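This report describes parts of a protein structure in plain words. Look at the sequence and the structure first, then read on.

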Amino acid sequence: MIPELGQFALVLAALVALAQSTVPLIGAARGNSRWMALGSSAAIMQCVLILLAFAILAYEHVVSDFTVENVVQNSFAAMPLLYKITGVWGNHEGSMLLWVMILSIYGMLIAVFGGNLPRALKARVLAVQGMIGLGFLGFILATSDPFNRIIDPPVDGEGLNPLLQDPGLAFHPPFLYLGYVGFSVAFSFAVAALIEGRVDPAWARWVRPWTLAAWSALTLGVAMGSWWAYYTLGWGGWWGWDPVENASLMPWLAGTALLHSAIVVEKRDALKSWTILLSILTFSLSLIGTFLVRSGLTTSVHSFALDPRRGIFVLGLLVAATGGALTLYAIRAPSLKMGGLFHPISREGGLVLNNLLLTTMCATVFIGTLYPLFLNALTGKTVSVGPPFFNFCCQLLTPLLVAAMGVGPLLAWKRGDLLGALGRLKFAAAASVIIALAVYYLRSGGPVLAIPALICGLWLIGSALAEVADRVRLFAIPLSHSFARAVALPRSAWGMVLAHAGLGVVIIGMTGTALWTEERIQAMAPGDSVELAGYQVQLQSVGPVKGPNYDAERATFVVTDHGRLVDTLAAERRTVHPQEQAVTNIGIRTNFFADIYAAVGEPDPAKPGAYVTRLYHHPLVPWIWVGAVIMVFGGIVSLTDRRLRIGAPTRRPVGLPDAALTAE
Amino acid sequence: MRRFIFLAPVLVFVGLVVYFATPLLRGTDPSIIPSPLIDKPVPAFDLPPLPGYQKGLSSADLKGRVQIVNIFASWCVPCRAEAPALMALKQMDIPIRGIDQKDRPEDALEYLKELGDPYVSIGMDIDRKVSIDWGAYGAPETFIVDAEGRIRYKQAAPITQDDIDDTILPLLKKLTAQ
């Protein structure tokens with residue numbers, strides 16, 4: 001009975017979404033305020049119904065109701081409670097339900113907090129949100145019903161994929177979806193603006209917090225995914241340019257561009273149609289992210305849905321959303337009023353350069369990911385584009401982006417003083433070069449590429465600090481005055497500084513691990529020891545251990561530094577029940593500047609008693625995730641900016657909406 | 001001209017959709033990776049038998065008549081699903097050779113006892129090296145090898161009765177007639 005209630009709630013939610021996507025739109029066109037107001041109540045109702053359905057599915061998983069197919073396939077009675085709960089979205093049906101749940105929460109938030117939006121704009125935004133909700137609810141009900149029952153219920157379930165039984169991956173999808181789906185708000189605002197025919201600074205000020213929130217969540221989601229890959233997959237890498245990883249990177253790149261171009265619309269009333277286009281593209285790339293994973297179009301470790309019917313449905317949604325929005329764009333965007341003019345050397349110019357570079361990177365990743373599919377469609381050949389292509393392109397574009405990120409914030413709006421900005425950055429530039437050379441010297445060499453890469457990272461941190469020093473007039477006025485100025489700086493300025501410096505930390509982390517990693521792969525018997533980056537790593541023992549739902553062989557490694565004990569590491573090779581799937585569990589010792597990483601593999605058939613072991617020394621790798629967290633923190637700080645919290649944006653009164661459409 | 005710039009995104013999008021939708025709508029399964037080994041001779045190999053068995057499997061065994069080669073493992077759940085289909089082929093006196101991939105011998109023996117042994121002979125591929133030479137990226141995978149020892153067909157999925165009726169038997173007939 002309870003699962004049927006969940007299904008019923010989903011059907012009702014779809015009907016509410018149908019009303020939400022039509023009535024307010026007609027109301028807005030006719031100026032009928034009661035019809036427009038329906039949007040808000042429908043959005044709240046839709047959210048309540050979907051939350052109910054999700055709660056029911058979670059309940060079914062927690063109580064292990066094996067009459068529900070989804071529970072049977074993804075849970076089993078002896079599994080820890082945490083994974084019973086996260087197992088709700090550790091499968092196709094549940095993760096789609098999570099997707100629409102997050103969508104409906106965003107819709108509800110617009111309805112509740114959008115009190116200061118003009119009524120017609122709010123009604124149109126909610127209608128577009130309703131259409132997206134309707135599409136995905138239809139998808140769930142037609143192809144992926146999570147509440148399907150089984151006629152002949154088994155005694156126990158099949159268990160959750162052991163790879164997903166991990167805290168890092170358990171919370172990766174919710175954050176990823178918070179990001180993906182969060183861009184739907186920018187999309188809805190863009191489509192609503194195209195229907196209305198006007199974009200102004202107030203519009204950008206509404207769009208920016210949503211984009212910022214989505215960007216922060218997506219940054220965290222992507223970082224969690226790569227962290228998970230690093231510590232569970234056992235190959236010592238953290239990014240493989242896997243199609244599914246790329247699918248999350250593309251919306252991130254486009255979303256980052258959107259975040260910046262929205263600033264130009266807000267401050268200078270320029271780049272309007274470009275920002276609209278980016279809003280559409282960012283959400284479309286999020287949909288493609290969903291589509292790539294869900295359709296089985298690319299096969300990869302991550303995909304757990306291989307059903308062409310679903311692929312066609314998601315493709316249909318993508319065509320309707322993106323195709324519809326882009327058609328609307330083609331019709332309406334040419335008549336958007338041109339905005340303020342600016343000199344190429346200016347804050348706006350810097351942001352335009354940033355947008356060009358970010359979209360080029362995004363296009364590169366897009367082509368690299370989909371080129372194999374293109375080629376397959378054209379010639380039937382199966383190829384794969386490897387990491388070298390992506391690495392090459394990123395190494396080419398990143399220094400340009402990084403240089404612009406340092407200089408841009410110091411340029412003035414409209415017309416900037418490049419020499420003046422560079423003058424204020426001379427200390428940052430000198431410091432980053434000196435530190436990079438010093439680090440290179442202390443590491444006693446390595447690839448020369450490390451020097452420019454380190455300079456990039458250090459330059460970002462240094463220029464962010466220089467930006468703050470400049471704004472608080474450090475050393476130019478008494479320190480206490482500087483401190484008072486620092487406190488008074490807008491939170492959005494601090495957010496920018498943190499996010500830029502965070503990326504610098506990430507780049508340093510990437511450099512360390514990409515260029516200075518030491519790797520030892522060998523067969524080791526207990527007692528054998530190996531030299532790794534100046535440490536001695538000895539395999540002490542290998543023995544069986546028993547976990548709640550697995551049996552494992554645990555290898556214990558002792559790490560010493562010239563006879564001094566550093567740490568003992570335990571690595572396991574687990575066989576998880578009931579799937580009997582082998583999973584590696586890594587031993588990691590980190591001191592923030594480097595990780596020692598140990599994995600144990602199969603017994604070596606050639607050498608009795610010996611096991612294949614993989615030992616890595618990863619310098620600076622923790623900085624990747626520390627930097628990502630700093631970036632997310634920057635996003636959150638910026639979100640708390642006074643202007644976004646209470647600065648109720650007001651629109652300049654304009655007679656008819658069409659008045660804005662006339663000028664070209 | 002200015003209008004065209006705004007029209008470009010939707011045109012590019014339509015182009016992309018046409019490209020990607022075609023294989024989906026044609027029903028080609030993108031997960032099927034064609035084997036480059038089709039029509040090539042089988043890789044040279046020599047695998048030892050299971051404990052207690054007389055014969056292992058080597059490339060020399062695959063000459064002289066049309067045969068099926070099946071890669072399996074006791075730990076592989078889909079292999080269990082296709083076991084009845086393989087037994088049905090055995091009933092029809094079709095020779096099937098097995099490559100037991102990455103398996104413990106005692107588990108493999110238990111598996112054959114439980115589900116029946118459809119194989120003429122089985123080679124133990126403990127380190128998966130031979131399976132990789134065959135271009136196999138999982139289990140089960142099934143190949144049809146002609147009398148000259150060339151791979152003529154590959155299926156990277158469990159065999160069903162439909163596969164036997166629609167693909168395997170007609171191909172075996174054709175190859176035997178050659």
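In chain B, strand β3(B), helix α2 (residues 77-91) and strand β4(B) make a right-handed β-α-β unit. Right-handed here means that, with the strands pointing away from the viewer, the path from the first strand over the helix to the second runs clockwise. Helices (H or I, at least four residues) and strands (E, at least two) are DSSP runs, numbered from the N terminus.

The model is predicted: local features need pLDDT of at least 70, side-chain atom pairs count only at pLDDT 80 or more, and totals for chains, interfaces and linings use all residues. Residues are numbered from 1 along each chain as its sequence is written, while chains are lettered from A and ligands numbered from 1 in the order in which they are written.

**Chain B as a whole**

Chain B holds 5 helices and 7 strands. Read from the N terminus, its elements follow the order α-β-β-β-α-β-α-β-α-β-β-α. An automatic or database assignment sets the domain bounds, and it divides chain B into domain 1 (1-30) and domain 2 (37-177).

Of the 178 residues of chain B, 33% count as buried. A residue is buried if 20 or more other C-beta atoms lie within 10 Å of its own, exposed if 12 or fewer, and partly exposed in between, with C-beta atoms placed from the backbone. Two residues are in contact if their C-beta atoms, placed from the backbone, lie within 7 Å. Among the contacts in chain B between residues at least 6 apart in sequence, 74% join residues at least 24 apart.

Why is β4(B) described as largely enclosed by the rest of the structure? The reason is that 5 of the 6 residues of β4(B) are buried.

Two strands pair if DSSP finds at least two bridges between them.

| Strand pair | Bridges | Sense |
|---|---|---|
| β3(B) and β6(B), residues 141-145 | 5 bridges | antiparallel |
| β3(B) and β4(B), residues 96-101 | 5 bridges | parallel |
| β4(B) and β5(B), residues 121-125 | 5 bridges | parallel |

N70(B) has T142(B) in β6(B) as its bridge partner. Across from V69(B) stands R97(B) in β4(B), and I71(B) has I99(B) in β4(B) as its bridge partner. R97(B) in turn stands opposite S121(B) in β5(B). A right-handed β-α-β unit is also made by β4(B), helix α3 (residues 105-115) and β5(B).

**One residue: E141(B)**

E141(B) lies in strand β6 of chain B. Is E141(B) buried or exposed? E141(B) is buried, because 23 other C-beta atoms lie within 10 Å. Leaving out residues up to four places away in sequence, E141(B) touches I71(B), A136(B), K154(B), Q155(B) and A156(B). The C-alpha atoms of E141(B) and I99(B) are separated by 9.7 Å, although the two residues are 42 residues apart along the chain.
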